[in-house]
Amino acid sequence: MAQDREIGAMRLWLGLVIAVFTLVLANVSPGSGAGETQTKPEASRPALVAGAGELLGFVNPQANDGQQITIVNATRGTMLVYHIDGPTGQITLKSSRRLTWDFSLDEYNATAPLPTEIRQMVER
């Protein structure tokens, strides 16, 4: 039973990785020269999303034709951020974070009017 769970988790992870990298590749169009690729302008490239089971992946363009991939595990409440260097293809884990306590905050890094100020205005 534990082995079946492990195999299932590996399949979900592999499915998400394949989906995210397919989205990364879909975000590149053939270039004019042999073996060249040319990315679309950043303003016209939206974030791409893929999901597999409890995992969600988001792909965003970065400088120098790089990509940022954010993976959220909804079951564990964690988030990972990877950067892929455009020229070399090197993948770097930039951050990992458990989101549990983030969702406990009423407001953080907010600008005026703050949520509590809006609530007070409405309650008057």
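Modeller: Below we talk through the sheet, the core, the loops and a surface patch.

Colleague: What kind of model is this?
Modeller: It is a predicted model, where local features need pLDDT of at least 70, side-chain atom pairs count only at pLDDT 80 or more, and totals for chains, interfaces and linings use all residues. Residues are numbered from 1 along each chain as its sequence is written, and side-chain values use heavy atoms, with hydrogens and water left out.

Colleague: What holds strands together in general?
Modeller: Strands of a sheet pair through backbone hydrogen bonds, either parallel or antiparallel.

Colleague: How many bridges join β5 to β6?
Modeller: Seven, and the two strands run antiparallel. For an example to click on, V72 stands opposite M79 in β6. The β5 and β6 hairpin has four residues between the strands, and G77 takes a positive phi near 70° there.

Colleague: What about β6 and β7?
Modeller: They pair in the antiparallel sense over seven bridges, and I84 has I91 in β7 as its bridge partner. Their hairpin has six residues between the strands, with G89 at a positive phi near 80°.

Colleague: And how many bridges between β3 and β4?
Modeller: Five, again in the antiparallel sense. There, G51 stands opposite L56 in β4.

Colleague: Switching topic: which residues make up the largest nonpolar core?
Modeller: Seven residues do: L48, L55, V59, I69, I71, Y82 and I84. A nonpolar core is a set of buried Ala, Val, Leu, Ile, Met, Phe, Trp, Tyr and Cys residues joined through side-chain atoms within 4.5 Å.

Colleague: OK, now the loops. Where does N64 sit?
Modeller: N64 is in the loop between β4 and β5, and D65 lies in that loop too. The phi of N64 is near 60°, a positive value in a residue other than glycine, and D65 also has a positive phi near 60°.

Colleague: What do most residues do instead?
Modeller: Most residues other than glycine have a negative phi, and most peptide bonds are trans.

Colleague: Which peptide bond is cis here?
Modeller: The one from A112 to P113, with omega near -5°. P113 is found in the loop between β7 (91–98) and α2.

Colleague: Back to N64: is it buried or exposed?
Modeller: N64 is exposed, because its relative accessible area is 62%. D65 counts as partly exposed, at 47%. The cut-offs are under 20% for buried, over 50% for exposed and in between for partly exposed (1.4 Å probe, protein chains only).

Colleague: Last one: which residues make the nonpolar surface patch?
Modeller: I118, M121 and V122, over about 290 Å². M121 lies in helix α2 (residues 115–123) and is partly exposed at 46% relative accessibility. Like charges are joined within 9 Å, and nonpolar side chains (Val, Leu, Ile, Met, Phe, Trp, Tyr) within 5 Å. The areas come from the Shrake-Rupley method with a 1.4 Å probe, and for residues only the protein chains shown count as cover.

Conventions:
Patch = residues over 30% accessible without salt bridge, like charges linked within 9 Å, V, L, I, M, F, W, Y side chains within 5 Å. Salt bridge = Lys/Arg side-chain N within 4 Å of Asp/Glu carboxyl O. Pairing = 2+ DSSP bridges.
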